[in-house]
Amino acid sequence: MPIRDDPRLASFKPERNPLDIIKSFIGDDADALARLEALIPEYRRAHQPFMRQTLNGVLADRYGEAERVYNWGRTAGNLDPDSLRHVSNYRVRLGNLVTLSGTAIATPALIQQVRTFDTDNQIEEDYLDNARTAFRRQQDEQRRRDIERAREMEETRRRRHVLDAHNSVQLLARQTPPRFERGGALVANMVCAVVDVGTGNSATGRAGHGIGRAALEATTGITVPSGAAHAFVVADPTNCAEWEAVYNLMTASPRTIKSDLYFASATPGGGHLIPPCDNCKRWIRAIGARAHGFDQ
């Protein structure tokens, strides 16, 4: 794109002269036109430096872009010698124009210099445009690869957190007695590890914890099902190890994203991984979390 076509220079074009636009609104109002004419010299004194500073900024931006394309072009043969020569010539000549625009040259003369530059360097501008397109295409491809690499690294990290949960619950299971009683009654004795796959934060729990519905719901923000849906729960839907695990995790990390949770449960004494009971499946599904052996 020629420099003179840069949108930031649109107000410099005669057909967009703001004074002419104002006059068109004033119409035949002689007093208003007289006041406008009285303000025009002051307006020009303020507007001319503004135009020159804007033009200098546009030229500097274009030079910076040409410099980046040139440096890219001479690296690893990204541009053939002929194209690189044209881009280099454009960059050097534009640099001289940037220097000129930083001086106190009259703005109309400077704008004429830009028009002349665009005309005299049309061939170089075409070469630069082709190089710029190739440069941006390569940058876009690199960004795509970077995003894909970051996604793969994130997936690997999350899988590692899931494996950590498996290892944690199996270790806990081997350390937990196979029988557990509370109040003289045998309790379904399961253990669980839960991990936030996004952060790696984790916690463990066991069945028969006795925390209670109110505390569980207040801490986790998860609604406890109204009744048991699995024989092992023994009419107490809060009994399960998954509940104590998520309670412990969210007590330590209240800002946990529940849909990022992964549960792994095991039988004490051996460490064999098992899926959650039907009761826990209901609320794990409700919060969008996942669990070993549980396909939502």
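**Exercise 1.** In which helix does Ala131 lie? State whether Ala131 is buried or exposed.

*Solution.* The model is predicted: local features need pLDDT of at least 70, side-chain atom pairs count only at pLDDT 80 or more, and totals for chains, interfaces and linings use all residues. Residues are numbered from 1 along each chain as its sequence is written, and side-chain values use heavy atoms, with hydrogens and water left out.

Step 1. Ala131 belongs to helix α5 (residues 122-175); helices are DSSP runs of H or I with at least four residues, strands are runs of E with at least two, and both are numbered from the N terminus.

Step 2. The relative accessible area of Ala131 is 2%. Ala131 is therefore buried (under 20% relative accessible area; exposed is over 50%, partly exposed in between; 1.4 Å probe, protein chains only).

Step 3. Leaving aside residues up to four places away in sequence, Ala131 touches Val69, Trp72, Leu79 and Val87 (contact: heavy atoms within 4.5 Å).

**Exercise 2.** Describe how α3 and α4 are arranged.

*Solution.* Step 1. The axes of α3 (residues 81-101) and α4 (residues 107-120) come within 11 Å and cross at roughly 175 degrees. Axes are lines fitted to C-alpha atoms over the stretch in contact, with angles from 0 to 180 degrees between N-to-C directions.

Step 1. This angle makes α3 roughly antiparallel to α4 (over 145 degrees).

Step 2. The contact residues divide into 7 nonpolar, 2 polar and 1 charged (nonpolar: Ala, Val, Leu, Ile, Met, Phe, Trp, Tyr, Cys and Pro; charged: Asp, Glu, Lys and Arg; polar: the others, Gly among them).

Notes:
Angles under 35 degrees count as roughly parallel, over 145 as roughly antiparallel, 65 to 115 as roughly perpendicular and the rest as oblique.
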